[in-house]
Amino acid sequence: MNWYRWAGIATTALLCGCSATTTIDELRPTLTPTEIAPGERIVILGRRDAGHYETDRDFVDCVGNKLKGLGIGILPEQEFIDAIYPWFEPRTAPKSLGRLTRLLEDPFVKEKVDTKDLHYLVWLDGRTETEGSGGSMSCAISPAGGGCFGFAQWDKVSVYEAIVWDLTDLTEKGRIRVDSSGTSYLIGVVAPIPLLSPVKNDACKGLGKQLRSYFATEDD
Amino acid sequence: MRFGITQTSSALALTIFLSGCGSTAQVKVAAQFPSVLAEPRDIKTALVINDEFRTYVAKPTAKTSIELGNAQSDLLGKAFLGLFSQVETIASKDQVSPGTELVITPSVREVQMSTPSDSYLNVYEVWIKYNLDIETFDGDMIDSWFMPAYGKTPDSFMLSRSKAINEATVVAIRDAGAKLLLDFYRIPSVNGWFKQRQQPEVTP
């Protein structure tokens, strides 16, 4: 076997190590299919009321993009938050269906939600964290040149939960939880070579795919 | 001692690199705030936005200044329209027009800031402590209400210091609007004044 075959096998094995493991749990209180009429829209919002983290907008946008092409209108998060200001700010956003019900008793708020043709609200809550790291890398620079030598690795974990609220009958339609984890590497052989595990992207794909199945109509 | 071009260039590059670590930031808060969604009560109010408030520049640290006067004036102007049916924005108390029932003068007590290097958290945080002097048309003080507001960035990844402080300040100003709408009529003295106002006057 030629040396380049060995190199190919080694590279493949290394890249396989950068993949992420994703687990999806889904809970639906009823088996009733999710209904959405033509022209109705959904809004996907990130939870931002926790003190030490907040669901980042990139992830919310990523999940929203995964739902494109279903023929369902998706109201941009900031447009909804601005339209209904200040009732979905971190301080005021309803954390339960009871609070949402009370909020929608306000005719001003109800009218605004109705004018936006919203049928479902999807809360996303979670974050991506670096849990453990190991190895060491040192970089040096001098007038003659520079480089990095060493090896570093770190584990990333993404945990996100999506909760689907129906704004017409004010019920919870389901919960989807996605856990994704993987290890990334940085190899320093003169130039640092990153081999990154797409943990967050995989969580987004998994959650997006599951939400698509929620909202997919028979035509899809 | 003589230095070659390479050494001089390296030293220059290092100096520029290290000077980039200096933490000076001058931030002018620029944001468009939305109108509030609330049913205002039928009260005519004067909102006193004086020059000090309109041009307020916070200096939370020696090397950081935040121009938030225009942004906070804009937000409070809109927020009070969600509380009262008529809001007249004036520059001083002398300009209060007849028929006004409440005169509200906001001021900034203090602005504090926390950066990742201060807190070891991956976020920038801003606290704005407002004070609202709430008086009747006759000058009787109803309350001097302390109203804290808080804002933070989602994280500090790839954010410049100025951009991060701006983002956290905008969130804090929005939070001030939310706090105002949520709590203004819950202030015991304001609630008491409002109930008294609703009672029909008894003539002997």
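Tutor: Begin with a definition: a polar contact is a pair of N or O atoms within 3.5 Å, and within protein one must be able to donate a hydrogen and the other to accept it. Keep in mind that this is a predicted model.

Student: At the start of helix 5 of chain A, which backbone nitrogen does a side-chain oxygen of A:D106 reach?

Tutor: The backbone nitrogen of A:F108, to within 2.9 Å. After helix 5 of chain A comes A:D117, with a positive phi near 55°.

Student: What does a polar contact between two side chains look like here?

Tutor: Take A:T183, a residue of strand 6 (residues 171–195) of chain A. Its side chain and that of A:D155 make a polar contact at 2.7 Å.

Student: Is A:T183 buried or exposed?

Tutor: The general idea is a cut-off: buried means under 20% relative accessible area, and exposed means over 50%. A:T183 counts as buried because its relative accessibility is 18%.

Student: How do I read the contact between the two chains?

Tutor: Start with the residues on each side, then the area. Chain A contributes 19 residues to the contact and chain B contributes 22 residues. About 1800 Å² is buried between chain A and chain B, with 61% of that area from carbon and sulfur atoms.

Student: Which residues of chain A lose the most area to chain B?

Tutor: A:Y85, A:R91 and A:F108, which together make up 40% of what that side buries.

Student: How many salt bridges are there between chain A and chain B?

Tutor: The idea is a distance test: a side-chain nitrogen of Lys or Arg within 4 Å of a carboxyl oxygen of Asp or Glu. The count between chain A and chain B is four. One of the salt bridges joins the side chains of A:E89 and B:R174, at 2.8 Å from N to O. As for polar contacts between chain A and chain B, seven residue pairs are counted, with both residues at pLDDT 80 or more.

Student: Which helices of chain A each supply at least two residues of the side that touches chain B?

Tutor: Helix 3 (77–83) and helix 5 (107–115). Helix 3 of chain A gives the most to that side, with four residues. By residue class, the side of chain A that touches chain B has eleven nonpolar, three polar and five charged residues.

Student: How many disulfides does the structure hold over all chains?

Tutor: Two. In one of them, A:C62 and A:C204 have their sulfur atoms 1.9 Å apart. The torsion about their S-S bond is about -100°, so this disulfide is left-handed. A:C62 lies in helix 2 (residues 57–66) and A:C204 in helix 6 (residues 199–215) of chain A, so the pair ties together parts 142 residues apart in sequence. Both A:C62 and A:C204 are buried.

Student: Why is the disulfide of A:C139 and A:C148 right-handed?

Tutor: Because the torsion about the S-S bond of A:C139 and A:C148 is about 110°. Their sulfur atoms are 2.0 Å apart. A:C139 is exposed, with a relative accessible area of 53%, whereas A:C148 counts as buried at 9% relative accessibility. With the bonded cysteines of chain A numbered in sequence order, the pairing is 1-4, 2-3.

Student: How far apart are A:V157 and A:S180 in sequence and in space?

Tutor: They are 23 residues apart in sequence and 5.8 Å apart in space, C-alpha to C-alpha. A:V157 is part of strand 5 (residues 145–166) of chain A. Not counting residues up to four places away in sequence, A:V157 touches several residues, among them A:S180, A:S181 and A:V199.

Notes
Residues are numbered from 1 along each chain as its sequence is written. Chains are lettered from A and ligands numbered from 1 in the order in which they are written. This is a predicted model: local features need pLDDT of at least 70, side-chain atom pairs count only at pLDDT 80 or more; totals for chains, interfaces and linings use all residues. Side-chain values use heavy atoms; hydrogens and water are left out. Contact means heavy atoms within 4.5 Å. Buried area is the accessible area (1.4 Å probe) that two parts lose on being put together, summed over both. Ala, Val, Leu, Ile, Met, Phe, Trp, Tyr, Cys and Pro count as nonpolar, Asp, Glu, Lys and Arg as charged, and the others, Gly among them, as polar. Buried means under 20% relative accessible area, exposed over 50%, partly exposed in between (1.4 Å probe, protein chains only). A disulfide is a pair of cysteine sulfur atoms within 2.5 Å.
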